[in-house]
Every structure is written in structure tokens, then in C-alpha cells.
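Reader: Hi! Could you walk me through this structure?
Author: Happy to, here it is.

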Amino acid sequence: MSGASAPVRALAGARSAVGQDGPDGAAPVLEVRDLSVAYSSGHESTTVVHEVSLRIHPGEVVAVVGESGSGKTTTAQAVIGLLAENGSVTAGQILLNGTDITAWSPKQLQAVRGSRIGLVPQDPNNSLNPVKRIGDSLGEVLRIHRWGDKRAIRARVVELLERVGIPDPQLRARQYPHELSGGMKQRVLIASAIALDPELIIADEATSALDVTVQRNILDLLDELRAELGTAILLVTHDLAVAADRATSVVVLKDGRVQEQGPKDEVLTAPTSAYTRQLLADAPALATAGRRTLAEAERIVAHGAGARPTLVVRDLVQEFSLGRGRDPLRAVDGVSFSVQPGTTHAIVGESGSGKTTIARAVLGFHTPTSGSIAVGGQELTGLRGEQLRQLRRVLQMVYQNPFSSLDPRQDVATIIAEPLTNFGLGDRAGRAAKVTALLDQVSLPAGLATRRPAELSGGQRQRVAIARALVLEPQLLVLDEAVSALDVSVQAQILRLLEQLQDDLGLTYLFISHDLAVVRHISHTVTVLNQGRVVESGLTESVFTDPAEPYTRALLAAIPGRLAPAGLPQEPSA
Amino acid sequence: MTAEAPTDVRVPDGAPTPGAPRTRGSGAVGRSTPPTGGGRVVALLTGYVPRRLGQALIVLWIAFTAAFVLLQALPGDAIMIRFENPELGLSPEQIADIRASYGVDDPVLIQYLHTFAGFVRGDFGYSVQSGTPVQQLIAEAFPQTLVLAAAGFVLAVLLAFAIAFLSASASFAWIRTALRSVPSLFVSVPVFWLGIVLIQSFSFRLGWVAVINPGPVEGLILPVLTLAVPIAAPIAQILTRSIDEVYTQPFVRVVQAKGASPSWVLWRNVLKNATLPTLTMAGILFGELIGGAVVTETVFGRSGIGRITEQAVAHQDTPVLQAVVLLAATAFVLINLAVDLIYPKLDPRLARQVGASR
């Protein structure tokens, strides 16, 4: 590495570059120097990454952390030479093992991709060619780089599948992606990334789409491979807790600029930038205690104990037919819980646990196979047509994805007033007044009323969705993963809004989520679900601090952020 | 590694979507051991294919009945048109005899059952116009049309793929843009006009292709081209669109990250995915082919099913029309059956559904 001395000199003057020298003084695998990336549309060009520098040595994990639009994915794409067609590196250098690859031709970059840089993509569920067998997809990288003949590749594929912990590798190699679970697909993608033993692996939000226990297994696997092969990992993530668990150093990006970078312990325990401090405070997974103490929650729940519960679900069973000659699928199996007025009850579980099915049954979208659901004392199973429609006045929902739950052709005022129109409530002036009041209540400027959803940010859209749910003054709000799609700082704002609305209006929430940390933060009581059955339920703080069931314990242990250094700052008490 | 496997096998459905039951259904499938390929084939043979064949027969029967009803409802009378001509000098009695031999004065239901029984036996009756058995007419014309249609379809598919691939991979942006506008141009070209223009320029102006007594191959060139262009256009449109769509899917990026060249990405990954929607379209477009054959054969003076149809319509030759309708319906049903059977071969996700619902 003759070029090794030059980068060191060049960086000596740069501010707090990550990973000063390798553990053994080795040259960095990847060095990014003052990288700027711009996207052009028409004649305009927008710079989205500004002078980002970072270094990764063999065996290191550098986490690039940031919210959406921070330029973290663009940085990763620039490193692997796969920027979108209208994107280009406008300044700076990317050095792979001391060689500047910034100006390389597409042909040269093709030779590097897959062989020296591996990519583990974001969502395993659509990152494999759906019409290609697993073995062919995995063997593709070997064939592209002419690694060996057919027989050798076939053997290597099975070996790789085995290495990443896929049982029955022979059989799995012949299957198609849709026959594998998300976690298994991510293992296949990791196998593909490590197939040619690259020096660098870029993991771009590699576990964001996975369940918490699966996420933990995948991150463990990456860690293991790194230790075994000495691979360097560039970990792109929005999740500070994941970075806290796995990274050796952290780069915090905001609006394409480095806010702070350095060894993990320094950045996370003694952040120098206000933005990092804010991120740390907003990350629910890094909070070591719930928002309320056990006694507080007990008092609130006891306060409402005399009153009639807002929602009572008894022995709910929901089956789905899988076709003739097959046993129906029991998505929900004998679930019971009740929610006191003015409190938040969380239903938490992994994918396939039946939590969304419960939410849909409570909302009357499908009739349960058996069991009863009562809202404000009124039995809702068996309600049809008009009666069910009237029920929507006391029961409203906020959906997960604020980008698809609003009609793109309506303006905000129309969206919020639509439930009033549907029920023929109020006159035009009355509705307009109501919309203005609600916009204020969800802390949106009144000027937004005439805008369309496309002009709003994700957080603003979710506020609009909440305002729409509140316009009928319902008693019960079903929040189905309502904050899961949002950036951590926006998520914190929406959670604060929900809490404030509950305090002001005495609302009752049924809060459906896969995110245990968020659940701990917002809910008074909780039901833990697994495969349609209740594992454990009770006051949130007591379930979280003293879980009785092994499943709950496993789930809690898998929350990222638990491996973080002990000196992590406590969340400022809310 | 082994201890974690059970949790890993749970299928994450990511966003809880309204399609929850279906997602969970596939989740259950993911948990169980997957069936072997052999089991799937058996399931196909025992359930799917016979059921589809049954459906096809019902479709044919409905087409037959609908054609019969419509032809009965037509004003005018083919036999009167043909035989009441004073030049023939037939007496009313003779005409009555002819009417009786064709059975046209029987009650409609009897006629229907009679015709239906004939069709089931393979007896399509006699042409009112020429008096020859309809099956003979069709047997003579069918090969001609089959050659024309098959050649037209193959050329259309080739044209469509050529346009779509060039517009996806041409190295200059302006070529891509230009190629992208070709299909919309083709779509708006009427068949008869195109035929006439082709004859004008290639035969009369340039003299490359003879129109009068051309050889069997030479005579096919212009009709096939005429037939292919309007069919190629929608296929190319769908194909271009689905190629674009497949390129936006995340797995393409993953393949690129493996170091694949652009042509590797296109040929070995995008192509198969993009063909799927096109296949359905191709099945539907077969109808265009039949309509196109009528016009093309008339314009170029070729004998064939299209020509027979044109003449039968002109003379209200009901038995011939009835047979042509059924022939077209059969062709339609067969093509779409073939498409449905090929589909699971190209898209394994559908093969699974077929297996799961049985």
C-alpha cells in the first residue's frame, strides 16, 4: 500500500475523522474524503451530501446514522458506484484500499462490486429476483465474477447457505424467494454479499424491515462474519440503538452534512452536537425506563377502574380459510383484554402475531369467528351496515403509512372534514371552523388547510390523519403502527402529541405496534401476543421490568440498544 | 445458530396491509415444509387442467349460443337473398322445398338443437351461398389463415421485443426517446390503410414485391407486415412499461451491486419479470389478429378465413358465420388456456397459488 501514507497526511488536518488508525496501524479499507454528491433535475442541481469524510479499517464497523433525507444512503450508493442516474460525485474522493475509485469507469467498478464490496440491502422481501431460484440468485455473484465452473458454484452455494445458518440448504437452494421468510431471505442476501470474501460490506438499513428477534439474529450473524473474515462493515441505519450495539465508530449525518463523528462511546456518551443529543433523547430504544413509573400507571388505571371500560374484548377468535381440504388459519386465538377510559392499551407482537387482525376486528372490518367486542358497552360483533357505520363516530383509526392513507387529490381541509360530511354533521362554516380548531390542536399551521398531501412531510401527514380521526370526537382511537414509519425525531413529536391529546380530551387508545420501546413509552397497559395467543398482559412497566414468560423475556432482550455502554445518557425525564 | 432458527422462520409481513388474511396464509405455507416439484405437477394434472378445460367448453357453448341468437335476430333472410332472384326462375314451391331442406322455418328451439347437435358431431351444415359443406370451406381456408396469423404474430412479438429492448438499452437518450414513441404511432395506424400504403410503396412504386400472382412466400410478406404492426404496438408498449417498472425494483440494485453488467441485468433478471404482464396482453391481442386477418385478406385478395367471413357477412350466410364464430372462439380459448398454463412456469409464485388452492 504505497498510497497509505498520503491519506493519513491528508486527513491529519481534517476534523475528527473516524477511526484514526487501524488497530494494527493497517491502512483503511475504505476512505471517503470530503465527498459531495449532487442530484440534477433539468438544469438544476441539488447537493445532497456535503463534504463527508470517513474511514473504515479491517474488522471495524462504522455506522452512518441519520434520518430520512440525511444523505446516508446516497453516501453508501456513491461508495459502491450505484448512484441514481441523475446523481454524481461533485467533489471529494473514494479510496478503496488506498486506490482512488471515484473516477473509475462503469466497467472497472463492475469488477469491484460484488467481489471487493458486498451489499446487504434494506428490504429482503423484494431484494431477490422473484422468478429466480435461491441457489441461482446466490450463485449469480460467483458466475458474474467467473469464480468457477457450474459444479463448483453449486457446491459453494450450499456451503454459503449453510454458513449463514439456513437449515436444509440443498432444498432451499431449489426454492423461490416467496417460499422463504424475511429473515431467511436476508441470510441469503448476506451469503451473496460475502460469497467472494469482500474487504467491505455495506449494510444499508439491512435489518430495518425485520422483526426484532430476527433483526438481532441477523446483526449477530454480520458480527460473527466480521470477526471471522476480518471484513469491514459500513452500517447505514436510522436506528441509533442498532449503531450503539454494533458499531465501533459512528458518523451522524443531517441534511447531508456530518454533525459529529468519532468512536461510538464518545459520540453516544458525550455528544458534542445538539442534533446528536436530540436524536439520543428521541430514541425510545435507548431509554432505560418507561415514561411513567409503575406507581403512576397503577394510579391512572385504578382511577378509571370504577368506570365502564371503553373497550372490552372477550375470547376473540379469528380464522381465515386457506381453501378446501385445509385447516383454517387461526390468526387470533382466544384473546381477551379491556381498556379503561383515558388510558392507552398496547398490543405488541412480531409479524404474524395477529395484532393487526385484532385491530381490524375491533374496527369492524371483519366479523370475528367467535368472541365478543364491546365499545363503550355496545356489542359490535353482529353489527351490520348502518349500525356499524354509526359506530365509527365513537371509534376511529390512524393507519401506519401516512403516505398512502390520505387521498392525494383532496386538500387537507377536505380530508379532515370528510367524516363530518359523511355523517352530514354541521354546515359549511361549522365544518371549516372545526377544521381550523383541529389543525391547531394537532399543531399544524392553519395555512396548511388548502395544501395537498404531497406537499406535506411525513410527520405533517400523520398529524392530518390524527386530526381526521379526531373530528368526530371519538372515544376510542385505534393506532395501528401509527408511528412506525416515521423518523425518530418525528416519531417522538407524534408520540408527544398523542399523549397531550389524551390528557386534554380524555381519549382512549388501542396502540398496535411491533416496537417494544415505543410501547413502553406510551402505554399504560400491554398485551404481548405470539402467534395469535396472549403470552402476557398487565401494567406495561411491570411486564417490562419483570416479565413472567420466556417469550416476553426473549423479545425484550432482542431490543437493540441493550448492548450499549453502561454510561449511556439517561433520557431527560419527559 | 440452530436455536434461533424457529423464530427466524416466522414470516414478517412488514406493513400490516388490508390483505392480512392472504399474507398470513402465505405465512403458514412458509412454516410448513414446501412441497416438492413432483407434487405440484400432480396437483396440476389432477385438478387444474381438467377444470380449465371444462371452463373452456362452457365458454365455447356460450359463444355458440350467443352467435346463434344474434344471427337469428338479424333482419333479412339468406335463402331469400340467394334464391328469390328472378333470374333463377324458381317457383314458390321449389323455394319452399329449399327452405324445408335448410330447416329455416322450424321453431327456433328445434333449429338451435339441430344445429347444436350438428356442431357436436362436427357437421356444420351447408353454405347457403355456395351449397358446399361448411367444414369443407373452412378446411380449405384455415391453413392459409393459420400461416398468415402465425407469421404475423411471430413478427409482431419480434418487433415488440426489438423496440422494447432497444428503448431500454440504446446508448443515446434521443434514440431511446424516439423508440418510445414508435408504439403509439403504430397503434394509431388502421390496418386497411397500412395495407394499401404498403402495396402502393413496395409493389407499385418500388416494385420489390409482386401483388399479382406472387409466390407463396412473396405473397406473405406484405400481409404479414400489415397484420404485425398494429399488434406489435400494444405489446411493445406493455413490455417497455414493465421493463421500466422492473428496473425500479430493489432486487435490480442488488444484482447491480453484485457487479453485473447492464446487459446481464437486462437479459438475466429484468427480461423474465417483464415478460409476465406482456403474456396476458398477447393472449388478448389474439382477437386483434382475427379482426386483422379479415381486413388483411380482403385488402390483399388472399383466400382464407377472413375472406370467407367477409363474403358470408355480405350474403348473410348464417351457417358459415356460425362456424367462423365458433372457430374464433376456439382459437381464443386455446390461446388463453395456453397463456394460463405457461404463466406458472414463468412465475413460480403463481405455481404455488395453484398448488395451495387445490
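Reader: Leaving aside its neighbours within four places in sequence, which residues is A:Leu510 in contact with?
Author: A:Leu510 is in contact with A:Leu311, A:Val339, A:His345, A:Ile347, A:Ala359, A:Val362, A:Leu476, A:Val478 and A:Leu479. Contact is defined by C-beta atoms, placed from the backbone, that lie within 7 Å. Before going on: this is a predicted model, where local features need pLDDT of at least 70, side-chain atom pairs count only at pLDDT 80 or more, and totals for chains, interfaces and linings use all residues. Residues are numbered from 1 along each chain as its sequence is written, while chains are lettered from A and ligands numbered from 1 in the order in which they are written.

Reader: Thanks! And how many residues are in the largest nonpolar core?
Author: That core has 160 residues, and A:Leu234 and A:Leu510 have the most contacts inside it. A second, separate core of 54 residues includes B:Phe124, B:Ala228, B:Val246 and B:Ile308. A nonpolar core is a set of buried Ala, Val, Leu, Ile, Met, Phe, Trp, Tyr and Cys residues joined through C-beta atoms within 7 Å; buried means 20 or more other C-beta atoms within 10 Å of the residue's own.

Reader: Switching to chain B, how many helices and strands does it have?
Author: Chain B has 15 helices and zero strands, going by DSSP runs (H or I, at least four residues, for helices; E, at least two, for strands). Of its 358 residues, 31% count as buried.

Reader: At what angle do the axes of α13(B) and α14(B) cross?
Author: Roughly 140°, and the axes of α13 (residues 305-315) and α14 (residues 318-346) of chain B come within 9 Å. The two are therefore oblique to each other, the class left once angles under 35 degrees (roughly parallel), over 145 (roughly antiparallel) and 65 to 115 (roughly perpendicular) are set aside.

Reader: Which residues meet there?
Author: From α13(B), B:Ile305, B:Ile308, B:Thr309, B:Ala312 and B:Val313 meet B:Val320, B:Leu321, B:Val324 and B:Leu327 of α14(B). By class, that contact has eight nonpolar, one polar and no charged residues.

Reader: What about α7(B) and α13(B), how do they cross?
Author: The axes of α7(B) (residues 134-169) and α13(B) come within 7 Å and cross at roughly 130°. B:Leu137, B:Ala141, B:Phe142 and B:Thr145 in α7(B) meet B:Ile305, B:Gly306, B:Arg307 and B:Ile308 in α13(B).

Reader: Back to chain A, which residues of α11(A) are buried?
Author: A:Thr276, A:Leu279, A:Leu280 and A:Asp282. The buried residues of α11(A) pack against α9, β9, β10, α10 and α18 of chain A.

Terms used: Axes are lines fitted to C-alpha atoms, for helices over the stretch in contact, and angles run from 0 to 180 degrees between N-to-C directions. Two residues are in contact if their C-beta atoms, placed from the backbone, lie within 7 Å. Ala, Val, Leu, Ile, Met, Phe, Trp, Tyr, Cys and Pro count as nonpolar, Asp, Glu, Lys and Arg as charged, and the others, Gly among them, as polar. A residue is buried if 20 or more other C-beta atoms lie within 10 Å of its own, exposed if 12 or fewer, and partly exposed in between; C-beta atoms are placed from the backbone.
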